[in-house]
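I opened this model to look up its charged side-chain pairs and one part of its surface. My entries follow in the order I made them.

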Amino acid sequence: SSMVMTTTTTTTPRLPASLSLKRCSHYGDTMQFVDRLTQISMDLRMIPVLQRTAYLRESLYELNRRLRRRMLTKGDVSLDVEDNHSPHDWPTEMDLFTNNHLNDDEHDISSQLQYSVHFPLEPQIPSWAGGDDSTTTTTDSDDSATEKKGMVRVLNVVPTECRILASRERCPFLVQLEVVQTNMDGSDARLYAPC
């Protein structure tokens with residue numbers, strides 16, 4: 001009598017190539033976003049104290065412009081691409097709402113939002129009129145509350161609300177972000193799929 005052994009291999013289904021590229025691009029731009037914030041802090045150390053707030057605001061306006069550019073180009077232009085525009089050039093905030101060269105499907109702001117960067121954050125206050133603040137965070141004493149999913153899309157940095165913190169050797173700063181909740185986990189493929 002012979003013994004036959006069968007081996008069963010299970011493989012995780014792979015993402016379609018286009019979705020995989022979007023995920024990679026989102027991840028790269030999220031890291032670029034954090035790197036740019038870090039670089040701003042490093043650069044601030046070399047700026048005279050009285051000029052730091054103005055430098056911080058201009059740098060954050062430039063970061064906002066790059067976020068808007070990423071949203072309007074549907075992720076085709078990464079945050080790290082230099083285009084020699086000033087912080088107040090195209091795209092402006094109004095360009096998100098008034099794009100005459102787009103058709104009606106693409107004109108919808110919610111379809112552009114999916115191309116912003118994602119962060120695993122829990123918003124503290126609602127900042128976007130379209131955001132959903134009807135859910136509450138689960139606490140140990142309140143099991144009936146629904147839990148917010150942790151991924152948010154960054155819409156905008158609020159430069160006028162950002163503050164440089166006092167430090168002898170470094171130049172840390174507080175950053176305030178306007179975000180919209182996704183109600184999705186970080187592993188949810190819908191973060192990168194068309195709306």
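I started with Glu62, which is buried at a relative accessible area of 11%. I note that this is a predicted model. The cut-off for buried is under 20% relative accessible area, so Glu62 falls within that class at 11%.

I then looked for the partners of Glu62. Its side chain meets that of Arg66 in a salt bridge, at 2.7 Å from N to O. Glu62 and Arg66 are 4 residues apart in helix α2, so about one helical turn separates them. Arg66 is buried as well, and I read a relative accessible area of 2% for this residue.

Salt bridges with shared partners join Glu62 and Arg66 to Arg65, Arg69, Glu82 and Asp83 in one network.

Next I checked Arg65. A salt bridge links the side chains of Glu62 and Arg65, with 3.0 Å from N to O. Both residues lie in helix α2, 3 residues apart, which is again about one turn of the helix. I recorded Glu62 and Arg65 as both buried.

**Count, and a pair between helices**

How many salt bridges does the structure hold? I counted 6.

One of them, I noted, is between Asp29 and Arg70, whose closest N and O atoms are 2.3 Å apart. Asp29 belongs to helix α1 (residues 17-44) and Arg70 to helix α2 (residues 52-72), so this pair ties together parts that are 41 residues apart in sequence.

Are Asp29 and Arg70 buried or exposed? Asp29 has 2% relative accessibility and counts as buried. Arg70 has 0% and also counts as buried. Both values are under the 20% cut-off, so both residues get that label.

**A nonpolar patch**

Last, I turned to the surface. Which residues form a nonpolar patch there? I found Tyr27, Met31 and Val34, with about 280 Å² of accessible area together.

I looked up Tyr27 in particular. Tyr27 sits in helix α1, the helix that also holds Asp29. At 56% relative accessible area Tyr27 is exposed, whereas Asp29 is buried at 2%. The cut-off for exposed is over 50%, so Tyr27 qualifies at 56%.

Methods:
Residues numbered from 1 in each chain as written. Predicted model: local features only at pLDDT ≥ 70, side-chain atom pairs only at ≥ 80, totals over all residues. Heavy atoms only, no water. Salt bridge = Lys/Arg side-chain N within 4 Å of Asp/Glu carboxyl O. Helix = DSSP H or I, 4+ residues; strand = E, 2+ residues; numbered from the N terminus. Buried < 20%, exposed > 50% of the residue type's maximum accessible area, 1.4 Å probe, protein only. Patch = residues over 30% accessible without salt bridge, like charges linked within 9 Å, V, L, I, M, F, W, Y side chains within 5 Å. Areas by Shrake-Rupley, 256 points an atom, 1.4 Å probe, with all protein chains shown as cover.
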